[in-house]
Amino acid sequence: MNRRLECLGCLLLVLIWTVGKARAAEKSAGELLPASVVAYVEVPQPAKVLDVVFDHPLARQLQQQPEYKAAQQTPQYEQLQAAIQKAEGALGQPWRKAAAEIGAGGLFFGVDLTTRGVVALAAASSEAQAAKGRDAILELSRASAASIKENEHRGVKVHEIGDAGFAAVGNWLVASNKRALVWQVIDNHQGHSEPLAGDEQFQSVLKARTGQPAAWLYADLRLLKLIPGFRQAIDKKSDNPPVELLAGGIIGSIPDAPYVTAALDLNPAGVKLKVALPCKPNETAKKREFYLGGEARGVAPPLLRPQRTLLSAATYRDFASLWRHAPDLFDDGINAKFAEAESNLTTLFAGRNFREDILGNLHPGMRLVVTRQEFPPDGITPAIKLPAGAIVVRMKSPEETAKIFKITFQSVVGFLNVTGGMNGIDPLDLNSEKVGSALIVSGEYLPPRDAAKRKEAPLHYNASPAAAFVGDLFILSSSRALAVELAEQVQREAPASAGVNSSLVLDAAVGQAALADNRGPLIAQNMLEKGHDRAAAEQEIDRVLALLKNLQRSSLQLAVKEAGLELTLEVLLASQP
């Protein structure tokens with residue numbers, strides 16, 4: 001009995017030693033990729049990603065669309081199916097099951113700076129499964145009549161197609177558009193070269209990350225800065241003011257940032273992408289104070305949420321500072337346009353300097369709201385219904401600035417009436433009223449002379465331009481109703497969120513309803529552009545509207561933290577019945 005126990009104990013020790021040695025011999029993707037890799041992507045569980053994408057109810061809806069069914073009848077689709085069948089034959093199982101086994105330990109990608117190539121690594125469940133994956137690629141390549149060469153590197157077979165190559169290296173399936181990258185992976189597998197895992201920054205970032213996202217990216221900006229002209233391209237003066245307004249603070253932080261990471265969460269309810277750029281925002285703010293504020297403490301005002309909100313956005317931007325520092329931010333061509341615009345706008349604002357007297361009298365920060373309009377049954381209804389939009393800013397000297405804005409608004413309405421009259425457009429009737437503590441100045445188009453057109457009115461009847469003044473707030477809106485609603489809401493709004501530089505929310509359900517309001521005109525346009533009869537046009541428009549019902553809400557937020565900038569994008573899908 002004791003002898004048997006001793007034998008069993010020895011066997012267990014041998015098994016433990018063998019498994020421990022095998023695990024010690026296993027290498028991570030970071031240990032296989034060369035040190036010159038500038039971008040690293042990993043998908044820890046590719047099979048789960050495939051399940052979410054292909055088994056989602058939305059995917060089944062898309063497969064029922066006529067366009068998808070028509071694509072199934074094309075020669076390209078038939079070739080794709082034939083290729084899949086060949087691959088399944090080589091793999092000995094359906095492609096999704098094979099993909100789960102070939103990528104059982106994860107799927108990894110590397111972008112290499114030295115070779116300027118991309119390499120993909122799949123950690124298979126076994127060496128045999130990795131070899132099956134290699135054979136499947138070989139079979140597909142032969143089916144496409146590709147010229148394949150078989151070479152050997154350090155005892156490992158490497159199949160080459162032009163500059164590309166692929167191989168099975170242990171339980172790893174390796175493929176790259178540069179065969180030299182495949183060789184380097186083999187070198188690292190056998191311990192003959194410096195791997196990415198040897199980089200201290202890469203290791204520290206790996207250890208610091210939390211959770212298990214569906215996909216994760218790491219980009220080494222230190223290596224990117226070695227590319228000739230990279231820093232000059234980042235630091236050069238811009239020729240695109242909209243890009244500077246939207247991303248100037250992010251672009252300005254890149255030269256001093258050592259790396260960037262991105263984590264993608266994926267589930268049946270939606271997608272969330274979080275991008276982190278470690279940097280010193282207060283240093284970036286010295287050059288782009290208009291974007292981040294003094295010492296990077298600029299905070300966006302709170303979002304506004306009136307009824308039927310389609311889009312609501314808020315951002316910290318100091319437009320006076322942007323205009324003042326334009327010579328340092330933009331090239332000569334853009335600065336010439338700034339000078340021309342300033343001259344024209346000074347005239348519009350009755351001789352007041354636009355940069356100093358107008359922009360200089362506004363606090364940093366702006367809010368934008370877009371809503372779905374509803375028209376009263378007994379009123380005028382446009383044939384095509386457009387959303388209403390408004391911007392909200394805060395004045396530094398409301399008593400003086402409000403008068404300037406009011407006079408300018410009245411002047412613009414008068415100009416619109418003159419130009420509109422020349423084009424046969426009905427004039428705007430200008431009114432001024434007090435609504436609670438707000439002063440509302442608005443214009444309303446006179447009703448169409450033909451009463452029959454009141455339910456199919458021209459496009460301009462979507463607008464009833466309004467300017468509202470509430471304390472130190474100025475609201476400029478395309479709709480009087482929206483201006484009144486916002487004037488009431490801003491008096492009971494919540495405080496701003498600390499650290500939030502910009503935020504945006506898009507309500508897809510409201511967007512779908514706004515499109516449904518125009519179902520008739522959309523059908524008519526479809527008939528005109530595609531030549532469909534009414535029944536076919538109705539079916540196509542209704543299919544699009546039905547698909548849009550799958551979207552619920554999207555949001556985007558830029559946060560400023562002590563450790564850097566963080567951008568979060570989220571898309572939520574509507575719950576399925």
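The exercises below, each with a worked solution, concern a predicted model.

**Exercise 1.** Determine which strands pair with strand E1 and in which sense, and state how far E1 is covered.

*Solution.* Begin with the strand itself, which spans residues 37–43 and is mostly covered, since six of its seven residues are buried. Next, look for the partners of E1: with strand E2 (residues 107–112) the pairing is antiparallel and extends over six bridges, and within it Val-37 has Asp-112 as its bridge partner. Then turn to strand E8 (residues 215–220), which is joined to E1 by four bridges and also runs antiparallel to it; here Val-41 stands opposite Leu-217.

**Exercise 2.** Decide whether Arg-288 is buried or exposed, and find what its side chain meets.

*Solution.* First locate the residue, which sits in the loop between helix H14 (281–287) and helix H15 (289–292). Its relative accessibility is 13%, and because buried means under 20%, Arg-288 counts as buried. Now examine the side chain, which is joined to the side chain of Glu-244 by a polar contact of 2.5 Å. Finally, setting aside neighbours within four places in sequence, the residues in contact with Arg-288 are Glu-244, Gly-248, Gly-249, Gly-252 and Leu-329.

**Exercise 3.** Ala-296 has a positive phi although it is not a glycine, and so does Arg-308; work out where each one lies and how each is classed by accessibility.

*Solution.* Take Ala-296 first: its phi is about 60 degrees, and its place is in the loop between H15 and E11. With a relative accessibility of 14%, Ala-296 falls under the 20% limit and therefore counts as buried. Arg-308 likewise has a phi of about 60 degrees and lies in the loop between H15 and E11. Its relative accessibility, however, is 27%, which is between the limits of 20% and 50%, so Arg-308 counts as partly exposed.

**Exercise 4.** Describe the start of helix H22 and the surroundings of its buried residues.

*Solution.* At the start of H22, a side-chain oxygen of Asp-507 comes to within 3.0 Å of the backbone nitrogen of Ala-509. Along the helix, which covers residues 508–517, the buried residues are Ala-508, Val-510, Gly-511, Gln-512, Ala-513 and Ala-514. To see what covers these residues, look around the helix, where the covering elements include strand E11 (309–315), strand E18 (500–507), helix H24 (534–548) and strand E19 (551–561).

**Exercise 5.** Characterise the largest pocket and the largest cavity by their volumes and their linings.

*Solution.* Start with the largest pocket, which holds about 690 Å³ of space. Its lining is made by 31 residues, and those nearest the centre are Phe-349, Phe-354, Ile-391, Phe-474 and Leu-476. Among the elements that each supply at least two lining residues are helix H16 (319–324) and strand E13 (388–394), while the largest share, six residues, comes from H20.

Now consider the cavity, for a search of the whole structure finds one of 30 Å³ or more. The space in the largest cavity is about 30 Å³, and the residues lining it are Arg-372, Gln-373, Lys-385, Leu-386, Pro-387, Ala-514 and Asp-517. This lining divides into three nonpolar residues, one polar residue and three charged residues.

Note on methods: Residues numbered from 1 in each chain as written. Predicted model: local features only at pLDDT ≥ 70, side-chain atom pairs only at ≥ 80, totals over all residues. Heavy atoms only, no water. Buried < 20%, exposed > 50% of the residue type's maximum accessible area, 1.4 Å probe, protein only. Contact = heavy atoms within 4.5 Å. Polar contact = N/O pair within 3.5 Å; in protein donor to acceptor, adjacent residues only side chain to side chain. 1 Å grid on protein atoms, 1.4 Å probe; cavity = no way out; pocket = protein on both sides within 12 Å on 5 of 7 lines; lining within 4 Å. Points joined across faces, edges and corners; volume = space filled by probe spheres on them. Nonpolar A, V, L, I, M, F, W, Y, C, P; charged D, E, K, R; others polar. Pairing = 2+ DSSP bridges.
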